[in-house]
Amino acid sequence: MARAPTPPLDDPAGEAAALAALVSTVERSEEIAALRLRIDRAVERWPTRLRFRLIRADLLDRSGQTDAADVELATLGDLAPHDAAVDHKRIMRLLGSGRRAEAVDLFATRVWSNPAREEAAVMRLLNQVTAAHKDMAERVAFLERLPRGGARDRFVDVKRATIALREHDRAGAMALLDRAAKFGPLPPEGRVIRADLLLVNGRFDEAADLAAALVEEFPDRPDIVRKAIQTADLTGRSEAVAALLAHAMKRWPEDWLTLFRYNRAALPFALDRATYDRLTAIAAEIGEGRWHFQLAIAALRHGDLTRASAILEAIDPAHPVAQMALPLRDALRSRPVARWNNPRAVSNDPEHDVQVRRHDDARATCVVFAGVQGGLGYLPFSLADTVFADYPVNMVYLRDRTNLGFNNGVAGLGVGEEAMIAGIARILDELGGMPLVTAGSSLGGLAATRAGTMASAAAVLSFAAPIHFRPGADDKPRFRAEALGNLIGTGEDLLDRVRAASAMRVYHCYGTGHPADVAIAEAIADLGNVVLIPVPCEDHFPLQHMLASGAFGALMTRMLSELAG
């Protein structure tokens with residue numbers, strides 16, 4: 001055993017630190033006996049210093065004398081009925097040895113019901129005792145048994161709100177948080193949950209204000225900063241988004257989730273470009289593959305195809321991001337680099353939310369609704385148009401700057417869905433009244449399908465579009481998606497719209513190995529105007545696979561032929 005220097009007699013803190021360090025290193029029985037003697041002497045020398053007794057309990061526990069450790073801690077509890085460190089040690093020891101009922105009783109009587117305890121200490125132990133109840137029903141029962149009637153009740157209500165959230169009871173969670181707020185300020189996690197629930201309920205400005213306040217209080221919490229980025233973007237606070245992104249990238253340069261948020265933010269293009277330049281300046285220092293994949297997405301948006309291709313080509317097929325990256329890589333390989341040159345100068349700037357490109361031999365007009373990335377799947381509009389330009393169709397590219405599934409329409413066409421549909425009708429007239437085709441991927445595909453039913457479209461190109469926004473099989477909360485679901489409506493609503501638009505043909509492309517997308521395909525298979533296009537892939541990106549295999553061209557040719565009758 002390495003011997004620690006013996007401190008002078010007037011340094012109990014130094015002696016306690018030395019003894020605590022030695023407890024974790026002793027192994028042989030003679031070392032344990034020598035350390036026990038030294039601890040006993042410290043207890044005699046400084047009888048009011050309870051830490052030495054806690055150290056002695058640790059040594060007893062480590063040497064297998066668990067009953068003696070229990071007695072030591074119980075004695076300490078009697079000597080110091082209001083000492084937080086003693087109760088923390090006793091409760092954690094009970095939890096660690098599987099004696100949860102004893103830990104719960106000790107917590108309820110000595111910690112929760114003790115008004116002298118600091119709230120921070122109470123909250124810490126409440127977290128640990130609550131987490132020891134793995135079964136949610138038992139967890140709720142524990143929380144309900146705690147005595148109520150004071151300001152600490154808000155901690156219990158926040159815990160119960162968290163459970164309600166996991167069970168998708170959003171209304172119940174919000175009611176619990178509202179009640180908790182009446183007893184005092186919510187703890188940080190309660191305010192984070194409240195921001196999420198405000199988002200779900202479409203109260204975006206309130207959510208953004210709350211998230212911004214949380215960032216001010218907790219600037220070193222990346223999850224809170226990312227939440228603030230998301231809510232600021234939904235409310236059009238582009239300068240705040242840019243500032244938050246700059247803060248996050250400086251504080252956590254390797255955090256790929258920050259780039260994930262960046263790629264979904266509708267930043268003014270100058271701010272977007274400045275952010276992209278900051279990322280490329282540090283790219284060589286970053287080793288995280290998911291970070292580089294997000295950089296590749298940004299590179300495509302900024303016309304840096306060389307960088308994007310180099311990143312995608314370098315991704316290991318065994319890396320977790322490969323499922324997303326390799327289909328995009330293969331799509332880009334489908335044509336020479338020179339043929340991705342955006343000859344019709346389509347912009348990726350979100351301010352350009354209505355863009356029209358004519359084709360001299362057009363047989364239809366295709367309106368593409370942007371998805372969460374601002375384009376068609378992972379392809380920005382500049383690259384998507386390069387593909388569509390091969391076919392005799394006029395193109396219209398629409399962007400919802402709020403990223404809310406076009407529920408509020410398109411700013412360049414007027415506020416609201418009705419103004420958007422009227423604007424599309426005007427564009428169709430200007431282009432000669434060709435048959436209307438709407439198109440989109442994922443969220444953009446849902447918007448395209450809805451718009452198609454309202455604008456009397458002849459056809460819809462749907463690439464893995466959902467029909468609703470509900471909790472997935474993994475039960476992970478997706479608050480923005482739920483907010484969209486509340487705004488857009490249920491899946492049955494969309495199915496009824498498609499069923500009623502019997503003259504509209506929906507070409508629905510989906511991955512045959514992606515369970516969620518297969519479930520959607522099965523849900524719409526019985527609709528007489530739906531044509532299912534199965535794509536052999538296990539991911540949510542059938543468009544990229546179709547571009548790589550040539551199936552996209554076959555679909556376009558088939559659709560135009562069927563439109564011609």
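Q: Which residue lies over the face of Tyr262?

A: A charge sits over a ring if NZ of Lys or CZ of Arg is within 6 Å of the ring centre and within 35 degrees of the ring normal. Here Arg301 lies over the face of Tyr262, at 5.1 Å from the ring centre. Arg264 is placed over the face of Phe260, at 3.5 Å from the ring centre. This is a predicted model, where local features need pLDDT of at least 70, side-chain atom pairs count only at pLDDT 80 or more, and totals for chains, interfaces and linings use all residues. Residues are numbered from 1 along each chain as its sequence is written, and side-chain values use heavy atoms, with hydrogens and water left out.

Q: How many aromatic pairs are there?

A: Rings of Phe, Tyr and Trp (its six-membered ring) pair if their centres lie within 6.5 Å; planes under 30 degrees apart count as stacked, over 60 as edge-to-face and the rest as tilted. The count by this rule is 11 aromatic pairs. Phe293 and Tyr378 are edge-to-face because their ring centres are 5.4 Å apart and their planes stand at 85 degrees.

Q: Are Phe293 and Tyr378 buried or exposed?

A: Buried means under 20% relative accessible area, exposed over 50%, partly exposed in between (1.4 Å probe, protein chains only). Phe293 has 0% relative accessibility, so it counts as buried. Tyr378 is buried, at 8%.

Q: Which residues form one aromatic cluster?

A: The cluster consists of Phe388, Tyr391, Phe463 and Phe552. Both Tyr391 and Phe552 are buried.
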